[in-house]
Amino acid sequence: AAARERARKAQEQLLQMFTSNAITKSQFEKIQGALDRPTPAAAPVAPVAKPSPMAVTAEPFTVDTPPETVKKHWYDWDTKRWQETEIQVKIDWTPMAQGNLRVALRMIDLSRPVGKRACVAKFQKQEYFQDYDGYFIDVEMQEYCRAIARAFNNYNPPKRVSFIEAWAIERTGENLPPNLQVLAAEVYIDTTRYVKYNNNYGFVNAMNRNTPAAFSHFSWEFTNKRAMIVDIQGITSATEDIYTDPQIHTADGEGFGFGNCGVEGIQKFFSTHRCNAVCCGLGLNLVSPMLGVGTVPVQGRTAPARSPVVAEGFRASQFVRELWPEPDSATAEDLSLMNMTMAEFNQLAETFRTHDKDGDNVLSLAEVVELLQANQQFQFSADNVQYLFSCLDKNKDGRVNFTEFVLWFKGLE
């Protein structure tokens with residue numbers, strides 16, 4: 001009994017060392033094999049199921065390099081602000097894949113739960129390196145697409161879609177080459193199952209699956225024809241598609257990096273798109289329909305008389321960043337989503353600053369009253385002013401910030 005108790009404690013200690021990455025998988029298996037050898041004097045005991053290393057971690061790979069402290073930068077979709085924190089990662093500098101411009105590496109993120117630590121880090125080759133802006137654009141674009149995917153899933157399609165989490169890591173150290181100081185990072189997905197379904201210029205994979213094509217079409221309708229998500233690629237299961245590395249086209253061709261081909265890219269998509277049963281089930285405006293093949297909505301579900309996507313419309317407040325009343329401070333992405341020019345934005349910013357008497361970047365009820373009554377052609381009763389103020393104050397904090405002001409002015413909320 002004493003021997004069995006010692007063995008049990010040894011197994012627990014070994015398991016703890018392995019899950020904390022103090023030892024590698026090969027070391028775990030070697031030590032566990034030694035612990036499992038029967039002791040000659042031991043009495044026969046009933047077999048006890050021992051934990052499998054893969055059952056413990058479920059990681060597709062391990063990395064044996066020393067941990068490295070880095071700064072993680074991620075985009076908080078709820079606040080529309082960038083956040084940062086320090087984490088520890090282990091990076092395997094032997095490339096797992098590489099293209100003409102970038103190199104992909106295996107990475108273990110020790111801040112993530114055990115079993116979900118496998119990630120991919122990417123960097124630009126030194127001869128093509130320019131700056132890190134593309135990494136941060138990609139992270140924001142991925143978060144934008146994750147939000148569109150949640151909206152798509154709200155319509156209960158036959159197969160759900162999601163986009164994997166992405167972020168950037170900032171490294172510190174002496175004599176780091178410029179192209180290795182900041183890396184793009186994302187959750188690892190099984191590359192052996194990876195498929196590119198369409199690109200940003202009209203290409204469609206020969207299998208022409210329903211869900212990826214319908215999702216791109218949905219994004220255009222859902223955003224009231226302001227933006228379209230293309231370059232759909234990733235893996236699929238019986239119930240869900242998981243995508244990564246998307247591209248967004250905007251109606252005015254602004255924002256979202258060099259891959260944004262604007263109207264031309266959108267037209268290229270529709271030149272090869274054939275609406276399928278999922279498009280029909282969502283009630284999208286049908287384009288060259290090809291129904292009755294591939295994944296279809298459940299039996300009995302029919303397209304509504306009017307598309308629910310168009311009927312419910314696009315809430316710009318869920319997608320634009322936090323706006324500030326400073327000249328030229330709006331991004332190209334925000335202007336595209338709000339269908340406005342920088343000159344119009346700057347005029348609104350000046351109007352807002354003029355009536356923000358205390359300079360706290362929000363308007364009180366009194367300041368809104370002054371703004372509304374500045375034009376002598378209109379007279380507002382106290383009830384009218386109170387109602388208009390409640391319309392502007394979307395988050396109901398008793399104040400109107402500049403984002404709320406712009407969205408109200410543009411009639412987007």
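**Salt bridges and a covered helix**

Glu186 counts as buried, at 10% relative accessibility; buried means under 20% relative accessible area, exposed over 50%, and partly exposed in between, with a 1.4 Å probe and protein chains only. Colleagues, this is a predicted model, in which local features need pLDDT of at least 70, side-chain atom pairs count only at pLDDT 80 or more, and totals for chains, interfaces and linings use all residues. Residues are numbered from 1 along each chain as its sequence is written, and side-chain values use heavy atoms, leaving out hydrogens and water.

What does Glu186 form with Lys122? The two form a salt bridge, with the closest N and O atoms 3.6 Å apart; the term requires a side-chain nitrogen of Lys or Arg within 4 Å of a carboxyl oxygen of Asp or Glu. Glu186 lies in strand E7 and Lys122 in strand E4, 64 residues apart. Strands (E, at least two residues) and helices (H or I, at least four) are DSSP runs, numbered from the N terminus. Lys122 is also buried, at 15%.

The structure holds 13 salt bridges. One of them joins Arg102 and Asp138 at 3.4 Å, N to O. Arg102 is in strand E3 and Asp138 in helix H4, so this pair ties together parts 36 residues apart in sequence. Arg102 is partly exposed at 28%, as is Asp138 at 31%.

Helix H4 also contains Ala151, which is buried at 10%. Ala151 touches Phe218 and Phe222, not counting residues up to four places away in sequence; contact means heavy atoms within 4.5 Å. Finally, helix H5, residues 210–222, is mostly covered, with 13 of its 13 residues buried.

Terms used
The expected span of a helix is 1.5 Å times one less than its number of residues.
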